[in-house]
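Trainee: Could you take me through some features of this model, giving the general idea before each case?

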Amino acid sequence: MASPEPAAPPEPAPSAEPVPRPGLTRSGPGRVLVAVYAIFALSATARAGVQIATKFGHAPVAYALSAVAAVVYIVATATLATGGPAARRVAVLSCSVELAGVLAVGTWSLADPASFPDATVWSGYGSGYGYVPLVLPVLGLLWLRHVNRRPATPAPSR
Amino acid sequence: MWSVNVVPTTIVIAGLALAAYALLMTALNRRMGGILLAALGVLEILLLVLIGLVVAKLAGGERPASTGTLIGYLIAMPLVPLAAGFWGALERSRWGPAVIAVAGLVAAVLMVRLHEIWPAIGV
């Protein structure tokens, strides 16, 4: 399955392309953003899946919110990695939902801890995940705004 | 079973060191290089060794509170350096090494989570 082969790195030839192509949400800093989103998509999905499959009745509110968060992270990862005009609009929407979600659920979890006997990704504004869930949608929205302000592709000669 | 404690600690240190080195490369505006990919390979080998040790422990009859979660971690763990290497190598700017830094940090965090899932795995 997993075969580590440090001896054969697929190192790209050092061609002269120092600047990432503009308009691509997955290039440059976006590459890191997509990587972090992918990790959250995977971990939130796995967590929600295990929680709902094994002990849904224990904390139904928390586990349903975990599932919502998982879907939002999956959509954000996919749309940021695709990066077309339509995908960017969906990405803005999912990052906005994510920011609203982490703020709402964070506040809710502090105001009404009884509804959250078990943690979600967004509990305490993402404190269980080093507050990355709080920072991530802000970075996502800033990055999308930055990309949207640039021309989509270097204009081919018309 | 000393190694179920030593290997995770080694992975935490290796992951953090890899992240620091990769972020230095980003700060110096370097692209992905052979050293970073080799370091990722070392991290991968360490993770595979740990998986072997944990599977041996499971085969010995010991069980954590949530076996399903543990097995999920065992499946996901070795994919982290592979995915990061692939995704980072596609990037031809300073942000390629930054992806590798994320993988190093994730490996370190995974060790802490593993310990929470199954305290028999030390850090």
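Mentor: Contact means heavy atoms within 4.5 Å. In chain B, residues 24 or more positions apart account for 80% of the contacts with a separation of 6 or more. This is a predicted model, in which local features need pLDDT of at least 70, side-chain atom pairs count only at pLDDT 80 or more, and totals for chains, interfaces and linings use all residues. Residues are numbered from 1 along each chain as its sequence is written, chains are lettered from A and ligands numbered from 1 in the order in which they are written, and side-chain values use heavy atoms, with hydrogens and water left out.

Trainee: How many helices and strands does the secondary structure of chain B come to?

Mentor: Helices (H or I, at least four residues) and strands (E, at least two) are DSSP runs, numbered from the N terminus. Chain B comes to 5 helices and 0 strands, and its elements run α-α-α-α-α from the N terminus on.

Trainee: What should I make of a positive phi in a residue that is not a glycine?

Mentor: Most residues other than glycine have a negative phi. Here A:Tyr125, which is not a glycine, has a positive phi of about 60°, and it is found in the loop between α3 (85-111) and α4 (132-149) of chain A. A:Tyr131, found in the loop between α3 and α4 of chain A, also has a positive phi of about 60°.

Trainee: Why does A:Tyr125 count as partly exposed?

Mentor: Buried means under 20% relative accessible area, exposed over 50%, and partly exposed in between (1.4 Å probe, protein chains only). A:Tyr125 counts as partly exposed because its relative accessibility is 24%.
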